[in-house]
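Subject: Structure for your review

Dear colleague,

Please find below the structure that I am handing over to you. My findings follow it, and I would be grateful if you read them with the model open.

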Amino acid sequence: MADSIMSKAATMEIPINSNGDTGTLTEDDSLEQDLQQVMVSGPNLNETSIVSGGYGGPAGGIIPTSSIKGPAVRFNPEYLDRRRVPAPGPDIRMKSRGVGLPKSASAASQLAQHTIQHPGSSNNNSGNSTEEVSRGVAVEKLDSVKKWGINTYKCTKQMFSERFGRGSRTVDLELEAQIDVLRETKNKYEIILRLATALTSHFLSMVQTQQALGDTFTELSQKSPELQDEFGYNAETQKLLCKNGEALLSAINFFVSSVDTLVNKTMEDTLMTVKLYENTRLEFDAYRSDLEELSLGHRDAAAMVRIEMAQHDYQIHRDKYERLRSDVMIKLKFLEENKVKVMHKQLLLFHNAISAYFAGNQEQLEQTLIQFNVKLKPPGSDKPSWLEEQ
């Protein structure tokens, strides 16, 4: 009776539903733990009874199984491992049907897995190349700053040495004299330009006044019958003077424009080349002095290397100095020729126009403008229009 009760309790531990499946448990791990406990302890077949009837059946329905012999049940730990981590490989059903997975799929999965594990491996080469380019640009900038600093130090040292009379400088007496003459000529021409501009401004005011005065005389001649002839004569005289004044203004403006181009463009360009030449001369003397100091010192292996480098830098700056010196001499020569040609024409124009105007020779004044290809412009035509000012 006790055996039937124990077997009945053991049977009731695993509920069976109508479909033959196990009942729903809270977690799969609880089922595995129960199964492991049962497999470890194992049912004792000698103490197990087979129930042929229901739980409420008679005792005769219980058949003892102590006489049944069978192999003992052993625990296999690999069973739980297979349940927890499924082994990678093709599906058993697909394998039984003779359908195999393509190798490309496994290779693609391996490539995807490698990409996930190493996401930045494809960009290593591009990143390294960009880093190398940035490093090269930084090194070039550093070298240029270093060279600029050394060159500035040498030139500053040479400049102070020359000013305090401790250093020597390269002097070309003939070229220096020409440069001084050019600077003095430019200053004189700037004075001429300033005075000619002032004359144009004052004369323009006079012409505008004459024009207004002539218009007033014309209006009064119409409103004053008793003085009509007198007002008419003065109006015609002022209009004639205004017309001649406009012609003279055109000549003076042409003169001012030509002198301005000569002074502020041609001479200024030559002086810019002269400035480059002077800076190059200072650099050349700085490296020359450096080479002389190294040559007078003790000569060992390291000193000879420094002397060779100084000799190389000296030769470079000497070539640059000679080239700019030649450029300055050529520009001074062409400037002198251009200055004589331009000023000869402009001074002749200025003289003839002034003489014809104050002599009252209108015909000669017009011939002068035609001779020098000067276009007659009315007063105020050089000013921008109202639309251009907006």
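What share of the contacts in the protein chain with a separation of 6 or more comes from residues 24 or more positions apart? Such residues account for 77% of these contacts.

Please note that this is a predicted model. The protein chain has an average pLDDT of 75, and 64% of the residues score at least 70. Among the elements, helix H7 (residues 173-223) has the highest mean pLDDT, 93, while strand E1 (residues 49-51) has the lowest, 41. The pLDDT is below 50 over residues 42-73, a stretch that has 20 contacts in the model beyond near neighbours in sequence. It is also below 50 over residues 85-108, where the model shows 2 contacts of this kind.

As to the overall content, the protein chain contains 11 helices and 2 strands. Along the sequence, their order is α-α-β-β-α-α-α-α-α-α-α-α-α. Of the 390 residues, 23% count as buried. The chain exposes about 28700 Å², of which carbon and sulfur atoms supply 57%.

H7 packs with helix H9 (residues 301-359) at an angle of about 25°, and their axes are 12 Å apart. Because angles under 35 degrees count as roughly parallel, H7 and H9 are roughly parallel to each other. H7 passes H9 in a left-handed crossing. The residues that meet include Leu175, Ile179, Leu182 and Phe203 in H7, and Val328, Met329, Leu332 and Phe350 in H9.

Yours sincerely

Conventions
Residues are numbered from 1 along each chain as its sequence is written. This is a predicted model: local features need pLDDT of at least 70, side-chain atom pairs count only at pLDDT 80 or more; totals for chains, interfaces and linings use all residues. Side-chain values use heavy atoms; hydrogens and water are left out. Helices (H or I, at least four residues) and strands (E, at least two) are DSSP runs, numbered from the N terminus. Buried means under 20% relative accessible area, exposed over 50%, partly exposed in between (1.4 Å probe, protein chains only). Contact means heavy atoms within 4.5 Å. Accessible areas come from the Shrake-Rupley method with a 1.4 Å probe; for residues, only the protein chains shown count as cover. pLDDT is the predictor's confidence in each residue, from 0 to 100. Axes are lines fitted to C-alpha atoms, for helices over the stretch in contact, and angles run from 0 to 180 degrees between N-to-C directions. Angles under 35 degrees count as roughly parallel, over 145 as roughly antiparallel, 65 to 115 as roughly perpendicular and the rest as oblique. A crossing is left-handed if the near helix is turned anticlockwise from the far one by less than a right angle, and right-handed if clockwise.
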